Each structure stands twice: as C-alpha cells, then as structure tokens.
Amino acid sequence: MIVYLTSSPCIDGADRAVLNPQNEFLDRIREDLPEHPRCLFVASSPDDRDATCEFGAAMFSAFAEAGIHFSSYQILDRWTEEFAPDLIMDSDFIILAGGHVPTQNAFFNEMGLEVLLQDYEGIIMGISAGSMNAASVVYIQPEEEGESDPEFQRFAPGLGLTYANICPHYQKVKDNILDGQRLFEDITFADSEGNCFFALPDGSYLRIDEECTLLFGEAYAICDGEMEQISEDGDILNLDELE
C-alpha cells in the first residue's frame, strides 16, 4: 500500500479542480498508479449524496485532465456502505474525501474501514479531512462554531495508516478566529501539549510506503505548544528521522 496525504491535491484558487504539480505530486502519483486505475471515492458526508457526487466528479475530471483515466469509478457512502468490502477489493485507487472531520470519522468507524483496509494493496489518497482521519489517533482540529468548547472531542480513533497528524490548508486558516479564539495560537498550540501536529499549506503532502514517510514541500511542526517551520517548498523530508 502507498498512501498520499494531501492538504489539497488541487491548485488553490483555480476556477475548477486542477491537479497541482507542485513538489512533484503529479509526477509521483502518476508513476505509482496503474495505467487505468479502478477508483473508489469515499465520502466525508455519507448522507449527502449530491455533495459527494459533485466532489467526486470534480476529482474524476481533474485526474482525466492530467492524463490519468479511471477504468471504473465508484462511490462509497451511506447508500453503498453494505458493499464496502467488495468496493475496496475491486479498486486500485481509493480517494478519501475532504470535509467535516468528525462526520467522516464517525462514518469510517461505523463501517469498520480501518479493518477493511488492512490487506489493501493499492494506492490511497487523502484530501484534507481524509488525510486527517488516516492517522492512528486523529487530531480533530476545531473548525466550526462551537467546536472550541473544551468538551468537544479533539482526538478519535482513525484508520491507522500513519502516525502523522495533519492540519491542512495552513495558508488559508492560519489567522482564523474561532469562537473569539485564535485557531492556532489559542487552540491548536494548547492541544499540541504532549503531541505533534504537521501544518501543511496546499501543495504540500506526505507519501507513505512500507519503507518511510516522506514530506514534500513547506510544512510546520507544532509540538508541545510551539511551532517551527521544518521544510520549504521543494524540500523532501523523511519524517521518520525527526527527533
């Protein structure tokens, strides 16, 4: 299994979904995928079929425009949940959608996706929330109004595909105010006590295989209440070698 964890695989600000070649992303995922992969798009909002189909169609078009044509394309949501084992087995490429992290996390845990993926041998790509929920223990960075409440569940079991906790879209959300608090300085920094999170702007990503976890592009480590930049655009960093 090879896992790509992205903040977003697409170019920020484009008028449609266009895959981002930054930091060799497009070249690398094109090389890893089979020529005509069978794709499975896993929802973040499993009960919102329209939104899932729209998101999935955008990804389908973005990959096709990049010269990566799927031989088949299926959606895994509430309507197809009972067929999850077969859908996974019959796919070469699984995309974990972006969206609301707790909603997607609950869906993943309800259908036992972690167990279903244990013997999977294809390629998995996470987008935003999908990348966050790929961790063994997911850090659910507050996002919506009211989620800064101390009673909000900040950590939950995930898919166990990585130890890395990602905070995506850093270039967009770094100055966000949530419920009167600064998202990073007042909330995320406090949550990082005893933990380490990786803040990624769009265009940066992780590539994970059985040998190592590589970070491509600009990134920031948030550990024990402090943040430092650990890489720049164009860099490749082996996270397994960080102390």
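Reply: Start with the rings. Phe60, Phe63, Phe70, Tyr73 and Phe93 form one aromatic cluster. Rings of Phe, Tyr and Trp (its six-membered ring) pair if their centres lie within 6.5 Å; planes under 30 degrees apart count as stacked, over 60 as edge-to-face and the rest as tilted.

A word on the model before we go on. It is predicted, so local features need pLDDT of at least 70 and side-chain atom pairs count only at pLDDT 80 or more, while totals for chains, interfaces and linings use all residues. Residues are numbered from 1 along each chain as its sequence is written, and side-chain values use heavy atoms, with hydrogens and water left out.

Helices (H or I, at least four residues) and strands (E, at least two) are DSSP runs, numbered from the N terminus. H2 has 17 residues, 49-65. The expected span of a helix is 1.5 Å times one less than its number of residues. For H2 that gives 24 Å, and the end C-alpha atoms are 24 Å apart, which agrees.

Which residues of H2 are buried? They are Thr52, Gly56, Met59, Ala62 and Phe63. They cover an arc of only 120° around the axis, which puts them on the same side of H2. The arc is that of the directions from the helix axis to the C-beta atoms. An α-helix has 3.6 residues a turn, so residues three or four places apart point the same way. On the other side of H2, Asp50 and Glu54 are exposed. Here buried means under 20% relative accessible area, exposed over 50%, and partly exposed in between (1.4 Å probe, protein chains only).

What covers the buried residues of H2? The cover includes strands E2 (38-42), E3, E4 (93-96) and E5 (123-127). After H2 comes Gly67, with a positive phi near 90°.

Strand E3 (72-76) leads to the next stop. Thr80 sits in the loop between E3 and helix H3 (84-89). Thr80 is buried, at 17% relative accessible area. Leaving aside neighbours within four places in sequence, Thr80 is in contact with Arg49, Ile75 and Leu87. Contact means heavy atoms within 4.5 Å.

A nonpolar core is a set of buried Ala, Val, Leu, Ile, Met, Phe, Trp, Tyr and Cys residues joined through side-chain atoms within 4.5 Å. The largest one has 31 residues. Val42, Ile94, Phe108, Met111, Leu117, Ile124 and Leu206 have the most contacts inside this core. Strand E1 (2-6), E2, H3, E4, helix H4 (101-110), E12 and E14 each give it two or more residues. The largest share, 3 residues, comes from H3. Take Leu117: beyond four places in sequence, it is in contact with Met1, Ile88, Ile94, Ile124 and Leu159. A second, separate core of 27 residues includes Cys10, Cys212, Leu214 and Phe216.

Back to rings, this time across the whole structure. There are 16 aromatic pairs. One of them, Phe25 with Tyr205, is edge-to-face: 5.2 Å centre to centre, with 75° between the planes. Phe25 lies in helix H1 (residues 25-32) and Tyr205 in strand E12 (residues 205-208), so the pair links parts of the chain 180 residues apart. Phe25 is buried, at 3%. Tyr205 is buried too, at 1%. Tyr139 and Phe155 form a tilted pair, 5.4 Å centre to centre and 45° between the planes. Tyr139 is buried, at 1%, but Phe155 is partly exposed, at 31%.

Last, the sulfurs. The structure holds 1 disulfide, meaning a pair of cysteine sulfur atoms within 2.5 Å. It joins Cys196 to Cys223, with 2.3 Å from S to S. Cys196 lies in strand E11 (residues 196-199) and Cys223 in strand E14 (residues 219-223), so the pair ties together parts 27 residues apart in sequence. Cys196 is partly exposed, at 29%, and Cys223 is partly exposed at 27%. Cys53 is in no disulfide; the nearest cysteine sulfur, that of Cys39, is 13 Å away. Cys53 is partly exposed, at 30%. Cys167 is in no disulfide either, with the nearest cysteine sulfur, that of Cys196, 9.7 Å away. Cys167 is buried, at 0%.
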